[in-house]
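Morning, everyone. Please bring up the sequence and the model on your screens. I'll take you through a few spots.

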Amino acid sequence: ALSSGDPLAGIRVFETHYPELFAARPRITFRNAMQAVDLALLLQLAGSEDRARKLLEAAIAFYESPWSTNGTTRYWLLPLKAEALALLGDDAGALAELRRITDRGWRLLWRWETGLNYKFNGIRDHEEFADMVDELTTDMATQRLRVQDRAAAGEITQPPVIERKPSLQQLQAR
């Protein structure tokens, strides 16, 4: 829907798979919270600001409820509140929440959830956002070097070599 510029196509998919998100009072759970924020983005793009706001506020309320993001099975939800706040236009709140989770160790899919995340377009030009992405990039590179050094020293097992399938360009070059 984003790449085609047709948010209604994406909204129809959500209607089929997540009808509870279209209720007068959307029912948000850990199973659909990220989808609620994704749907809100599409609703905004389709001009349905009020519906999007209602969904984003419900997602934030879920996020702030006890145990919503506890445990390893829900760790992937951590950027949800920052995304919702960014989509609501609360730049300061989004940046503060992203800083909070980053400082507490959030790294899961960090590149996808920051630099490549359309939901953060509203805060992308803020220096603080760029600084956080730079910090994450540096931290992950440092962690990778530490693992490589430990493996080279025999302290840990070398990571397995992953044989990658050739890309389309590599196949065409043959």
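Start with helix α5, residues 91-103, and α7. Their axes come within 10 Å and cross at roughly 15 degrees. Angles under 35 degrees count as roughly parallel, so α5 and α7 are roughly parallel to each other. The crossing of this pair is left-handed. Keep in mind that this is a predicted model.

Which residues of α5 and α7 make the contact? On the α5 side, find Leu 95, Leu 98, Arg 99 and Thr 102. On the α7 side, find Glu 128, Phe 129, Met 132, Glu 135 and Leu 136. By class, that contact of α5 with α7 has 5 nonpolar, 1 polar and 3 charged residues.

Next pair. Helix α2 covers residues 33-45, and helix α3 covers residues 49-63. Their axes come within 8 Å and cross at roughly 160 degrees. Angles over 145 degrees count as roughly antiparallel, so that is the label for α2 and α3. The crossing of α2 and α3 is left-handed.

Now the residues. α2 brings Ala 33, Ala 36, Val 37, Leu 39, Ala 40, Leu 43 and Gln 44. They meet Glu 49, Arg 51, Ala 52, Leu 55, Leu 56, Ala 59 and Phe 62 in α3. Sorted by class, the contact of α2 with α3 has 11 nonpolar, 1 polar and 2 charged residues.

Stay on Phe 62, which sits in helix α3. Is Phe 62 buried or exposed? Its relative accessibility is 13%. Buried means under 20%, so Phe 62 counts as buried. What does Phe 62 touch, leaving out residues up to four places away in sequence? Ile 28, Thr 29, Phe 30, Ala 33, Ser 68 and Leu 77. Now jump to Arg 164. Phe 62 and Arg 164 are 102 residues apart in sequence. In space, the two are 40 Å apart, C-alpha to C-alpha.

Last stop: Asn 117. Look in the loop between α6 (110-113) and α7 (127-152). Asn 117 has 5% relative accessibility, so this residue counts as buried. Where does the side chain of Asn 117 reach? To the backbone nitrogen of Lys 119, at 2.9 Å. Asn 117 also touches Glu 83, Trp 112 and Arg 124, again not counting residues up to four places away in sequence.

That's my tour. Over to you.

Methods:
Residues numbered from 1 in each chain as written. Predicted model: local features only at pLDDT ≥ 70, side-chain atom pairs only at ≥ 80, totals over all residues. Heavy atoms only, no water. Helix = DSSP H or I, 4+ residues; strand = E, 2+ residues; numbered from the N terminus. Buried < 20%, exposed > 50% of the residue type's maximum accessible area, 1.4 Å probe, protein only. Polar contact = N/O pair within 3.5 Å; in protein donor to acceptor, adjacent residues only side chain to side chain. Contact = heavy atoms within 4.5 Å. Axes fitted to C-alpha atoms, helices over the stretch in contact; angles between N-to-C directions. Parallel < 35°, antiparallel > 145°, perpendicular 65-115°, else oblique. Left-handed = near helix turned anticlockwise from the far one by under 90°. Nonpolar A, V, L, I, M, F, W, Y, C, P; charged D, E, K, R; others polar.
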